[in-house]
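Please read the points below beside the coordinates, bearing in mind that this is a predicted model.

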Amino acid sequence: MSITPKLNCRDLIRQKFQDLNKREKLVAAFILQYPNETIHMTIAEVAKASGVSDTTVFRLTRSLGYKGFYEFKIALASSVVEPLRNVHNDIESEDSRSTVMSKLSHGYTLSLKESIERNSDLAFSTVVNKLAKAKTVYFFGSGGSHALALDAYHKFVRNGIQGQVTADPHWMSMYVALAEAGDLLFLISLSGRNKDLMHVASEAKAKGLDVAVISSSAASPLALVADVLLLAAGREYEYRSEAMEARISTLLLIDTLYIMLAKLNKAKEAESLANIKAIREHIAEHREFEED
C-alpha cells in the first residue's frame with residue numbers, strides 16, 4: 001500500500017530526484033519546470049512531453065508515494081497554489097533591524113536543515129573520493145557563485161589539493177582543454193543554468209572528465225549532466241532572493257566536504273594540519289613585517 005507523502009509535492013520531487021532513474025528524471029524535470037501546465041494534462045500528454053512512456057510517468061508517481069497519477073495531480077495542484085505567507089520568514093518594510101536579523105537567521109536555519117536532509121551520505125562520500133583521487137581540481141563559478149568557488153578552492157588547497165579557480169569563461173575553456181584524465185571539475189551554480197558552466201561541463205564530459213556540481217535545483221540543466229550532485233537549499237521571499245539562503249547552504253556543503261576529506265586519511269590529516277600551521281606562521285610573520 002502506498003502512503004501519501006506529507007511533503008509539498010514539488011519539494012518531494014526535488015528531494016527524491018537523485019534516486020530516480022534516467023527516464024523518471026526526464027518526467028520529474030518536466031513537471032518541475034511546468035507544474036501549472038502538468039496539472040491540466042493527461043498521463044499520456046505528460047509522457048509525450050517528457051519523451052517517455054505512460055508507464056514511466058505512472059511509475060514515477062508510485063515512487064513518490066502516490067497511489068496513481070490522479071492523486072499525484074491533486075497534490076501537485078495544491079503545491080502550485082501560492083502558499084500562505086510565513087510570518088516567521090517574510091520580511092516586512094516596517095521590520096526593525098533585530099526583526100530582520102531574526103527572520104534571516106530563521107530562514108538560514110531552515111535551509112541548512114533542508115540541505116542536510118536533501119543530500120545523501122553516498123553523494124558526499126562520492127565527491128570526497130573524487131577530490132582525494134583527482135590530480136587537479138578546477139573550481140569554477142560565475143557571478144555570485146565565484147565567491148563560493150573561491151572559498152572552496154581556498155579550503156581544499158590547504159588540504160593538499162592541487163587546484164585552479166576562475167570565473168572567466170575563456171580561462172575555464174583553456175583549463176578544460178589542458179585537463180588530463182583523473183582531473184575533476186567542481187562547478188558551483190545555484191541556478192544550475194549558467195551557460196558558461198554548461199559549456200565547460202559539456203567539454204569536460206566529452207574528454208571523459210568527472211564533473212561535480214553544487215546547485216539549488218536537482219532538475220537544472222547543469223545538475224542533469226553532473227556525475228555527482230550536491231543540493232544547496234534556499235527559498236525566495238520578499239526582499240531577498242533564493243541565492244541568499246542557498247549561499248549559506250553552499251558554505252555548509254563545502255565545509256562538510258573539507259572536514260570529510262581531512263578525516264579520510266589520518267596521515268593526510270596530520271599533514272594538512274601541519275600545512276595550515278605553516279601557512280598561519282608565514283602570514284603572521286608577513287603581518288609583523290608590515291607593522292614594522
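1. Ser220 has a relative accessible area of 0% and is therefore buried, although the place of this residue is in a loop, the one between β4 (210-215) and α12 (221-225). Leaving aside residues up to four places away in sequence, Ser220 touches Ser191, Gly192 and Ser215.

2. Helix α10 (residues 169-178) packs with helix α11 (residues 195-206) at an angle of about 10 degrees, the axes lying 10 Å apart. Because angles under 35 degrees count as roughly parallel, α10 is described as roughly parallel to α11. On the α10 side the contact is made by Pro169, Met172, Ser173 and Val176, and on the α11 side by Asp196, Leu197, His199, Val200, Glu203 and Ala204; by class, the residues of this contact are six nonpolar, two polar and two charged.

3. The largest nonpolar core holds 45 residues, of which Ile13, Ile31, Phe72, Phe140, Leu185 and Leu187 touch the most other members. Helix α2 (residues 22-33) supplies the largest share of this core, with six residues. Another core, of 29 residues, lies apart from it and includes Phe156, Val228, Leu230 and Ala246.

4. Which residues does Phe140 touch, not counting those up to four places away in sequence? Phe140 touches Ala149, Thr166, Met172, Tyr175, Val176, Leu185, Phe186, Leu187, Ile188, Leu197 and Val200. Among these, Met172 and Val176 of α10 and Leu197 and Val200 of α11 also take part in the contact between the two helices.

Technical notes. Residues are numbered from 1 along each chain as its sequence is written. This is a predicted model: local features need pLDDT of at least 70, side-chain atom pairs count only at pLDDT 80 or more; totals for chains, interfaces and linings use all residues. Side-chain values use heavy atoms; hydrogens and water are left out. Axes are lines fitted to C-alpha atoms, for helices over the stretch in contact, and angles run from 0 to 180 degrees between N-to-C directions. Helices (H or I, at least four residues) and strands (E, at least two) are DSSP runs, numbered from the N terminus. Angles under 35 degrees count as roughly parallel, over 145 as roughly antiparallel, 65 to 115 as roughly perpendicular and the rest as oblique. Contact means heavy atoms within 4.5 Å. Ala, Val, Leu, Ile, Met, Phe, Trp, Tyr, Cys and Pro count as nonpolar, Asp, Glu, Lys and Arg as charged, and the others, Gly among them, as polar. A nonpolar core is a set of buried Ala, Val, Leu, Ile, Met, Phe, Trp, Tyr and Cys residues joined through side-chain atoms within 4.5 Å. Buried means under 20% relative accessible area, exposed over 50%, partly exposed in between (1.4 Å probe, protein chains only).
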